[in-house]
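Please read the notes below beside the model.

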Amino acid sequence: MSCLALALQPANGSDVLLQTREWFPPCRALMALSAFKETRLSFVKSQQPSASDPSSDLIGDDPLAASAGQIIVGVESRYRVVYRLVNSIYVLAIATTDDSNNNVFECINIVNQAVSVIVTACRGVDVTLEKLGKKYVEIYMALDIVLRGVSSIRLAAMLASMHGESIAKMVHSAVQTESKIRGADTWAVVEPQAVEHDASVETFSKVFFELPAETLNSGDEVAASALGFFQQVEEKEVPKVEENEEEKDPFAASDRINKPEELLVEGFKKTKDIGLSDVSKALAGLEVTTLPPAAATESTHIGVEGFEGNYGGIEFSHDGSTLPEDFEGINDAWGGGLDASEYVGPKKVPKDQGLGGLELLATSEPPPKTTAKSDPGGKLEDILVKKTEMEGPEMYIVEEISAEFRESLLARVGLMGVIYLKTMPPTSSGNDKETEFSFKVQGTEGVKRFAVQSSKVSTLGNGLFHLRTATSEEPIPIIKYSLVPRTTPLPLRIRLIKRLSGTLLSLMIQYVSNPDLPAPLTDVVVVLKLPSDPTLLKVSPKAVLNRPERELKWQIDEIPLKGKPGRLRARMPLDIGDDDEVPDLDIYGYVKFSSKTPRSLSGISLSSASEGKIEFYETEHGYASRDYICN
């Protein structure tokens, strides 16, 4: 819910009624109401009409005298107040100014429902303090229900019984009234029907039916009449292949051996023609393929971006290079010849007396087979890839820190953290149980603001919270918090120094790690924004220059916890004259880092509400930089 409190405030006088949620402190609600009243009075004093104006009585003296609206009040703790004026009574709804988790239209709907309650209680729009006092108890109970959310049917039932005799009937019988209006039955009426239905399903699932023979015969007759058309088609005779009585031996000798020699050589006829030496007769039986036309041998030029080049075509009579030239080209490409003297020494290697290569290979034993050692019953992929399965719900903290350094001084700092819940993955059947447990948040001494997602988490006091939510594949943010600046830890301190001597600009970034960090920072990226695109640049240590963005980037593998301050230096000339004034140089740097540690950066920890009982598992926490700059 986005609405935190409901209140009734007269235009002149003290507040009449205040209803808050159980986890929202009433003192903060009173601060918001006081700020709203002071805002109204300040508007009245600043816009007081002159006494000589004859139309001053028609304008009114309250700028917030419109029928409805909203305004943001407060200095440090800012709240959004949605108001509606009924006669001389303001109906106020208080919410936070965070638009990401709030719905202003929901607050407006709650204000409208509260207006309906007081108008019904006063029997009209003539709402006065005297009429509210007569029905104060009914209004108090009704606004408490409206603040927690109420449907239109239940609200109509409450308003109808507002002037009845029993207040308890108005509050407690509204649920049954809503069921009656919707036409729904109670569980006491529906339960016997459900039990009977389950028993019938179980009984019919165990019964087997056997059709009589007459029914089967009639079904066959109907099927035969329906398929009569297919029976009229003449069946084609399948030619039968005569099988040889005796299988012939494929390796047996041919019967032609018993024939005379004249019949064996009759296929080879000798021609005594003199023209055997003619080349044309020798080539008469050869088929020569014709060459394609000249236009077909030319390649086609393709000009499409990314695929430029000549495609297709045939190249004839190509005078290619000789084999020695190709071999020498290969030698040159690999940076040296293939002379055997480069690999073999000048001395001859003495040959061993005895068996040669083939004899030794034939007489040697085969090498032993090596198999991968694995656990009995285990697969190799299970050994190489360690699969981790969730044993229960997991919770972890992700924090983002922002800081701005002006030379060696810290200008501003802020830390925002989010507590995430990772439930068990939902099953394919869809019969998943809701995740429900209680947990404790410790180390909240430096917390400035604490926001809880009320649809899933409810507070129990003293740092205890109760969680109830459905399963989800993605992590769920349940709590957000921010720290007081003076208690915010700094994982890294940075300092930017610039010196301009003539036209030569020298820049240096110094950095040092916080020795109290759980683990040293790794893979830290430091980016320096340059005032212009440098023509000459000298850096120490090596860096990457991005000319379009005018950025210089260093990659630091690891920053030790207890070490000397690191230095990143750059030097470049500026395109300014000797007589020109020194311009304001837009130079700043920013740092990007992230880390995962067993404990959070802010010191906030999570634990089970009851000792000795594990209801969830606390995994690794993480923190990263958001806007970490120096100028």
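Does Ser513 count as buried or exposed? Ser513 counts as buried, because its relative accessibility is 7% (buried means under 20% relative accessible area, exposed over 50%, partly exposed in between, with a 1.4 Å probe and protein chains only).

1. Basis. This is a predicted model, in which local features need pLDDT of at least 70 and side-chain atom pairs count only at pLDDT 80 or more, while totals for chains, interfaces and linings use all residues. Residues are numbered from 1 along each chain as its sequence is written, and side-chain values use heavy atoms, with hydrogens and water left out.

2. Surroundings of Ser513. This residue belongs to strand β16, residues 504–513 (strands are DSSP runs of E with at least two residues, helices runs of H or I with at least four, both numbered from the N terminus). Leaving aside residues up to four places away in sequence, Ser513 touches Pro491, Leu492, Ile559, Pro560 and Leu561 (contact means heavy atoms within 4.5 Å).

3. Positive patch. Lys538, Arg567, Arg569 and Arg571 form a patch of positive charge on the surface. Patch members have over 30% relative accessible area and no salt bridge; like charges are joined within 9 Å, and nonpolar side chains (Val, Leu, Ile, Met, Phe, Trp, Tyr) within 5 Å. A salt bridge is a side-chain nitrogen of Lys or Arg within 4 Å of a carboxyl oxygen of Asp or Glu. Lys and Arg count as positive, Asp and Glu as negative, with His and the chain ends not counted; a charge is placed at NZ of Lys, CZ of Arg, CG of Asp or CD of Glu. Strand β21 (residues 566–573) supplies the largest share of the patch, three residues. Arg569 lies in β21 and is partly exposed, at 43% relative accessible area.

4. Nonpolar patch. Tyr136, Val137 and Tyr140 make a nonpolar surface patch of about 260 Å² (areas by the Shrake-Rupley method with a 1.4 Å probe; for residues, only the protein chains shown count as cover). Tyr136 is in helix α5, residues 136–147, and counts as partly exposed at 34% relative accessibility.

5. Backbone. Most residues other than glycine have a negative phi, and most peptide bonds are trans. Asn87, not a glycine, has a positive phi of about 60 degrees; Asn87 sits in the loop between β4 (79–86) and β5 (89–96). Arg550 also has a positive phi, near 55 degrees, in the loop between β19 and β20 (551–559). The bond joining Ser540 and Pro541 is cis, with omega about -5 degrees. Pro541 lies in the loop between β18 (538–540) and β19 (544–546).
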